[in-house]
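Open the model in your viewer and keep the selection tool ready. This tour goes from the overall fold to the charged pairs.

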Amino acid sequence: MPPSALTTTLIQSTFLNALSNILAQLIDQYKKDKPLIALNIPYLLQFITYGILIVPINVAWQRWLEVTYPGFLFSSSSTSTAATASASSTLPLSIPAANGAPSEGSRAARPRGGTVTDSKGQTMELVEVKEKLVPAASAAAPSTGRWSWRPRGLNSGSAKHQRIFNFAMKFLLDQTAGGVLNIILFVVLINVLKGASLERAWELVLEDFIPIMLARLKFRPIVSTLLYTVVPLERRVVFGSACGVIWGVYLSLYAAV
């Protein structure tokens, strides 16, 4: 039985986090004229443990972003639907049937996928969600459908505006809410693992949040642009870790203080 996507992501990200920590230790030892082979193993294990704890949270965050604002900036509607279906396959969704959806009696005879015409004569694609065929537009927007519901035949300009809006929202949320969450979790977890109390860890959050956030904004916008334009959902956390090896070095040097 092959490992799950989360397990694979966890293993790959853990390896990259360990690599960044080792590089940080080597850089720190070089600056202090220490032997380059004397690694601080407890410190390495602390950083690896932090990475193991944070990866599932970031995986869930990226899936939520993709389900809420599906698709790539430069992609067709079929690619957007496929990406959203991948994101929603691991998240419980409750999607009501739309007008024109096939009845229970016709579902068995209809092949998986396909199209259906609603009462207004608009043709919509069907995708499978929990063994049920529903309009693809509904699967892409389980909440309100305000920005993601788009029957086939809607003019290409509106489709383009939708993709731009979804990209902008993912980009903005990743820089703000995602950044705040990751910085707080990093400072709290790494200091708790070093033996600090929660009260002291929070004091360090207030003390170090702005410098770390400013440092993050120097590289994360480039990473986010690539994440939401060319990188598939299941590879985003690993890709972020790979691009963030230098960032991991920065965090490791911070944690060593």
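Start with the whole chain, coloured by secondary structure. From the N terminus, the elements run α-α-α-α-β-β-β-α-α-α-α-α-α-α. That makes 11 helices and three strands. Keep in mind that this is a predicted model.

The accessible surface comes to about 13,900 Å². Carbon and sulfur atoms hold 65% of that area. Of the 257 residues, 43% count as buried. Now think about contacts between residues at least 6 apart in sequence: 66% of them join residues at least 24 apart.

Next, the charges. Side chains of opposite charge can pair when their charged atoms come close. How many salt bridges does the structure hold? There are four.

**Stop 1: E66 and R236**

Select E66 and R236. Their side chains meet in a salt bridge, 2.8 Å from N to O. Show the helices behind them. E66 belongs to helix 2 (residues 41–68), and R236 to helix 10 (residues 236–243). The two are 170 residues apart, so the pair links distant parts of the chain.

Are these two residues buried or exposed? E66 is buried, because its relative accessible area is 0%, and the cut-off for buried is under 20%. R236 also counts as buried, at 2% relative accessibility.

E66, K170 and R236 are linked in a network of salt bridges.

**Stop 2: R220 and D174**

Move to R220 and D174. They form a salt bridge, with the closest N and O atoms 2.9 Å apart. R220 lies in helix 9 (residues 220–227), whereas D174 lies in helix 6 (residues 156–175). The pair therefore ties together parts that are 46 residues apart in sequence. Both R220 and D174 are buried.

**Stop 3: R200 and E203**

Finish at helix 8 (residues 198–216), which holds both R200 and E203. Their side chains meet in a salt bridge of 3.1 Å, N to O. What separates R200 and E203 along the helix? About one helical turn, because they are three residues apart.

Check the surface around this pair. R200 counts as partly exposed, at 37% relative accessibility. E203 is partly exposed too, at 38%. Compare that with the first stop, where E66 is buried at 0% and R236 is buried at 2%.

Note on methods:
Residues numbered from 1 in each chain as written. Predicted model: local features only at pLDDT ≥ 70, side-chain atom pairs only at ≥ 80, totals over all residues. Heavy atoms only, no water. Helix = DSSP H or I, 4+ residues; strand = E, 2+ residues; numbered from the N terminus. Buried < 20%, exposed > 50% of the residue type's maximum accessible area, 1.4 Å probe, protein only. Contact = heavy atoms within 4.5 Å. Areas by Shrake-Rupley, 256 points an atom, 1.4 Å probe, with all protein chains shown as cover.
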